[in-house]
Amino acid sequence: MSAPIISLEGLTSTTSFDQLLATAKSGGCASSTCGLSGKPDDIDPAVWEKIKDHPCFSEEAHHYFARMHVAVAPACNVQCNYCNRKYDCANESRPGVVSEKLTPDQALRKVIAVANEVPQLSVLGIAGPGDACYDWKKTKATFERVAGEIPDIKLCISTNGLALPDHVAELVDMNVDHVTITINMVDPEVGAKIYPWIFYDHRRYVGIEAARILHERQMLGLEMLTARGVLTKINSVMIPGVNDEHLIEVNRWVKERGAFLHNVMPLISDPAHGTHFGLIGQRGPNAMEMKTLQDRLEGGAKLMRHCRQCRADAVGLLGEDRGQEFSLDSIPGEVTYDSSRREAYQEVVARERHDHVAARSEAIGMVKTAGSGKSLLVAVATRGGGRVNEHFGHAKELQVYEVSPRGISFVGHRKVEQYCLGGRGDNATLDGVIAALEGIDVVLCAKIGNCPKDQLAEAGIRATDAYGHDYIETAISALYAAEFGIQPLAATA
Ligand code: CLF
Ligand code: SF4
């Protein structure tokens with residue numbers, strides 16, 4: 001099935017808003033969704049309703065929807081060996097980054113400014129710079145103010161879990177139905193290697209006792225949230241030689257307690273960040289170690305593989321960060337929320353998404369019946385919308401898919417430096433891009449010049465813009481068929 005192309009530019013441009021509305025409302029059916037939500041068959045409708053616009057809880061949603069974080073919660077009650085308190089909370093945020101700390105009123109102003117400019121915005125998260133549950137007054141005040149102005153925005157928090165059980169009831173009252181808990185261990189002996197101390201119930205605890213309390217509070221918080229129907233994501237920082245093997249046990253525990261997703265993140269350890277692990281030379285895992293562990297965890301709690309380790313003040317689609325555009329001094333002193341752009345965008349996405357789901361299902365069906373027995377790793381340049389719609393030279397990351405007779409799966413992303421700036425490509429940058437694409441068989445993009453294409457080919461990576469603007473899965477299935485010279489079995493029977 002070929003889907004109508006509504007370009008991402010059309011969906012997000014500030015100048016084509018009337019066009020956007022017209023596009024959303026045109027096209028046969030009066031209802032924008034035609035009663036079809038694009039819900040995958042294996043998901044409970046109530047759960048789908050909660051995750052369908054959340055870019056972190058649904059891999060599919062991350063093609064369409066954006067999150068923003070406001071850095072309102074600087075205080076923390078735990079010390080992690082991968083954290084330096086000068087920087088943001090490394091449990092959910094990229095370490096080594098300092099955010100502009102905001103009061104709840106400043107946060108509200110920023111959220112409104114972003115909502116007026118970024119129609120993809122669907123989620124407000126508080127992920128530090130310290131712990132959102134420990135610095136509770138500011139977290140709560142921010143959520144209350146924002147929910148009062150933008151009632152349909154989803155509220156989301158990330159926490160180390162120590163103070164979580166104290167606030168579950170209030171989280172539920174405020175309709176916070178997405179909570180991330182960082183759980184790096186279920187064995188206090190392992191925990192003592194990660195957490196030198198915690199501050200709990202007015203006193204400081206160290207060593208195994210500290211890790212035991214933290215573990216018990218994390219499990220209690222998770223169980224309380226599950227019992228109340230709140231969706232939980234577990235973040236685990238993979239620390240080679242410390243908890244890498246142990247994360248299999250963690251996965252089992254959190255699955256048993258109803259966790260919706262498990263997100264294994266690599267330790268980012270740099271001596272320049274001044275963290276304990278950075279200073280003692282504790283290394284993070286490489287890409288292959290990460291993938292091997294994730295593959296071993298398949299079949300347990302469902303894995304998240306599209307995390308970008310955002311900043312505590314991130315804004316935009318996952319993988320892009322527009323936070324710097326919305327610093328406090330760059331937004332007006334007074335802002336009024338205008339819902340029209342977000343509403344129009346949501347209408348367009350509802351229609352587009354239905355087409356996308358049908359196209360994806362057709363594409364996956366095709367590769368499953370192709371019977372070639374072979375697999376390919378395909379890197380895709382995309383600006384969102386689930387399409388191959390970014391120029392190779394403009395990409396700052398490529399999304400990686402594995403295609404095989406088992407289907408088409410998103411397996412991660414590769415960050416790259418933008419190769420083409422001001423219309424000219426830079427050879428040194430291209431070398432770095434090629435290195436980052438190690439193991440990739442084919443690159444799909446909207447446009448690529450002969451020069452980078454030839455250099456990629458010399459490194460054994462084929463690149464093509466022949467599928468530009470197709471849905472990603474449609475493009476991959478067509479590539480797969482062309483690559484192996486096969487026809488779907490149904491067509492040849
Ligand atoms: Fe933010 Fe986290 Fe909510 Fe998402 S991020 S608080 S669940 S809205 Fe998402 Fe960013 Fe990964 Fe976090 S990609 S670091 S998982
Ligand atoms: Fe740092 Fe977050 Fe750990 Fe607190 S919970 S020490 S802010 S990484």
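The lining of the second largest pocket comprises 15 nonpolar, 8 polar and 7 charged residues. The model is predicted, with local features needing pLDDT of at least 70 and side-chain atom pairs pLDDT 80 or more, while totals for chains, interfaces and linings use all residues. Residues are numbered from 1 along each chain as its sequence is written, and side-chain values use heavy atoms, without hydrogens and water.

A pocket here is an open set of points on a 1 Å grid where a 1.4 Å probe fits, with protein on both sides within 12 Å along at least five of seven lines; lining residues have an atom within 4 Å of a point. The second largest pocket holds about 890 Å³. Among its 30 lining residues, Ala287, Met290, Gly412, His413 and Arg414 are the closest to its centre. Because domain 1 (45-325) and domain 2 (350-484) both contribute to the lining, this pocket lies between them.

The elements below each supply at least two lining residues; helices (H or I, at least four residues) and strands (E, at least two) are DSSP runs.

| Element | Residues |
|---|---|
| Strand S9 | 261-266 |
| Helix H11 | 287-297 |
| Strand S13 | 407-415 |
| Helix H13 | 427-436 |

A nonpolar core joins buried Ala, Val, Leu, Ile, Met, Phe, Trp, Tyr and Cys residues through side-chain atoms within 4.5 Å, buried being under 20% relative accessible area (1.4 Å probe, protein chains only). In the largest core, of 58 residues, Val70, Leu124 and Val179 touch the most other members. Helix H4 (residues 104-117) gives the most to this core, 7 residues. A second, separate core has 22 residues, including Val416 and Leu430.

Notes
Chains are lettered from A and ligands numbered from 1 in the order in which they are written. Grid points are joined across faces, edges and corners, and a volume is the space filled by probe spheres set on the points. Ala, Val, Leu, Ile, Met, Phe, Trp, Tyr, Cys and Pro count as nonpolar, Asp, Glu, Lys and Arg as charged, and the others, Gly among them, as polar. Domain bounds come from an automatic or database domain assignment. Buried means under 20% relative accessible area, exposed over 50%, partly exposed in between (1.4 Å probe, protein chains only).
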